[in-house]
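Okay, thanks for coming, everyone. Let me put the model up, and then I'll walk you through a few spots in it.

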Amino acid sequence: MTSSDSRGTRMEGGGATLIVQATEVRKSFGTQEVLKGVSLEVTRGEVVVLIGPSGSGKTTFLRCINHFEKPNSGVVQVNGHLIGSKLDRNGRRVDASAREIAKQRAEIGFVFQHFNLFPNRTALENVMLGPVKVQKMSKDKARTLAIDQLTKVGLSNKIDTYPAQLSGGQKQRVAIARSLAMSPALMLFDEPTSALDPEVIGEVLTVIRDLANDGMTMIVVSHEIGFAREVADRVAMFDDGQIVEIGTPRQVFDNPTQARTKAFLSKVL
Amino acid sequence: MLTGALQFNTSFFWHELLRPSSGFLGGLGRTVYISVIAQVIAVIIGLAVALARRSTLRILRSVAGLYVWVLRGTPLLVQLVIVYDGLAATDIYRFRDMTLLGISILASVQAAIVTLALNESAYMSEIIRAGLAAVDVGQNEAALSIGMTPAQSMRHVVVPQAIRFVIPPLGNDFNAMMKSTSVLSVIGVPEMFLITQEISSSTFHTFEIFLDAALYYLALTTIWTFIQAWLEAKVDRSWGIVRTKRSLLSSVRERFQDPRTLGLSRRA
C-alpha cells in the first residue's frame, strides 16, 4: 500500500510522483483501430475513473497498462518502468522477456469484471498464491498477510470457503484482496461491479472507496456515475478510441464541454 | 464332437474362473501392469505434446502435430509389428529380455509397453489439449496479473484445473487400453488373451475359457470404473464440490442410471 499522506500531495504543483505515464497509445485489432493515441498521466494516490460508451476503448486502454494487450505504438510507464519493454545497451527500446513483464505486472493489481478467482482454491489460498509463488514468501507469512487482506475486505469469516460458495460481491472482494496481497503500486479495475447483482454492488464499491481513502493509486473503468462522482479525482471520457474530455467529476459531469460527453451522460444519468 | 448336444463343460468353466492356473494369473498380471505403465508414460508424453502444440514456437507446434497425426492415423497392430519385428529385422533396434530392479522383463513386453505408451500418448495429448483449452482464459490472466510468468501460470493455475476435465476421457481411454492389450498376442506377449488362446488349444474348451477371460476383462474394467469415480470425487472435493455421502450400492446404481450427474451436489 502506498503511504497515506500521498493523497495530500497528489494534485498539480511540483512534488507529485507520476505512477502512470501513458503517451500516444495506439492499438488495433486487425484493421480496427481501437485506441487512436491515448495519453494519460496519473500521480500517486490519484483515482481516475474511465467512462464512455462500450467499444470506446476504455478496457483495451486499461489492459495496455499492464501489458495484457501490447500497444502497436506509444509508451506506457508505470512506477518508472517501461511496460513490456526495456532499453538495450544502445538505449533502444526492445521487448522485455516474459519474466521481466511478469515482474512489472506484480506491481500492478488488476481486478476483473468476472473476478477470475481460482475455483480450485479457497479464498485464503487464492490470496496466498501470489506472495508464495511470485514473491517466494514463506507460507506462514503469506497466510498471515492473506488473513489481513481478507479481513480488510470484510471476509475474515470466509477464509476457508471455495469460490463456488461465495456470492458475486464476496468473490470480487476476494479478488481485490488477492491483488492487494502483492502490495501493488497501482490498482486497475475493469468494470468491477458490472457482473454483480444490484444489492451487492455497494459492498464492492465500499472496499474500493476505502482503498482510495488509504491513498491507493487507481484507474477504474466504471459505469457507476455516482461512485465516480464521489471517489474520482479525475474522470476521463472515452469515445471512439480517444479521451475526448478529462477533468474533475464536477467539470465532466456537471459542465461537460464536449457534445459526445453530453450525449453519453444523458443516456446513463 | 458335432453331436448337437451342448458341449459346455461347466466344471472346467468354474474351475478356471475361481481357481485359475498360475499361467492364466501371470497373463492377467501382465495385462494389468502393461496397461498401467503404458498409461502413465502416455500421460507424461501426452502432456509434453499438448504443451508443445500450444507453444509459441512454430517448429515445436509442427513436430507435435506431426507426432499426433502419425500415431493416431495408423493402427496399433501395425505399430506393434513395426516396433518389435520391423526394427529388429532391419537391425535398427532389437528388444532383449532384461532385468530391472530384480524383475525380468521380456523383450516382447518392453516393445508392448513402448508401443502402447506412444500410441496412447497421441490420444492423451488431444485429451489434455482439450482440457487445457477448457480452462477459462481469465484464469491465465488472473495468474499473470499477480505477477506469474506464463510458465508459472500453466503449472500452478491452468494445468491443475485442466485435470478435472481430463479425468473422464482419460478413464475412457484406459478402459480401452486394458482391452487392447489383447492385440499384444501377435508379438507373443504372454498376456491374458494369449494365455487363454493357449489353454483353449490345449484343452479344446474354447467357449469356457474365453468366457472366463471375458469375465476377467470385465472385472478389470469394472474395478477401474470405481477407481475413476473415486478420482473424480477426490478432484471435486479439492474444488469445494462434495458429493453427498451414500452407500456403495446406491452410488453404483446412480452411476449406471445417470452418468451425467454422478451424484454431484454443491455444498450449500
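Let's start with helix H3 of chain B, residues 58-73. At 1.5 Å a residue, its 16 residues should span 22 Å, and the end C-alpha atoms do sit 22 Å apart, so the two agree. The expected span here is 1.5 Å times one less than the number of residues, and helices are DSSP runs of H or I with at least four residues, strands runs of E with at least two, numbered from the N terminus.

Quick housekeeping: this is a predicted model, where local features need pLDDT of at least 70 and side-chain atom pairs count only at pLDDT 80 or more, while totals for chains, interfaces and linings use all residues. Residues are numbered from 1 along each chain as its sequence is written, chains are lettered from A and ligands numbered from 1 in the order written, and side-chain values use heavy atoms, leaving out hydrogens and water.

Back to H3(B): which of its residues are buried? They're Ala64(B), Gly65(B), Val68(B) and Leu71(B). Buried means under 20% relative accessible area, exposed over 50%, and partly exposed in between, with a 1.4 Å probe and protein chains only. Those four cover an arc of only 145° around the axis, which puts them on the same side of H3(B); the arc is taken from the directions from the helix axis to the C-beta atoms. On the other side, Arg58(B), Ile59(B), Val63(B), Trp69(B) and Gly73(B) are exposed. The buried ones pack against helix H2 (22-53), helix H4 (76-89) and H5 of chain B, with contact meaning heavy atoms within 4.5 Å.

Next, the largest nonpolar core: 82 residues, with Phe61(A) and Ile219(A) among those with the most contacts inside it. A core is a set of buried Ala, Val, Leu, Ile, Met, Phe, Trp, Tyr and Cys residues joined through side-chain atoms within 4.5 Å. Helix H5 of chain B, residues 107-134, gives the most to this core, with 11 residues.

Phe61(A) also turns up in an aromatic pair with Phe238(A), tilted, at 5.7 Å centre to centre and 45° between the planes. Rings of Phe, Tyr and Trp (its six-membered ring) pair if their centres lie within 6.5 Å; planes under 30 degrees apart are stacked, over 60 edge-to-face, the rest tilted. Phe61(A) is in helix H2 of chain A and Phe238(A) in strand S11, 177 residues apart. Both are buried.

Last one: Asp236(B), in helix H9 of chain B, is buried at 6% relative accessible area.
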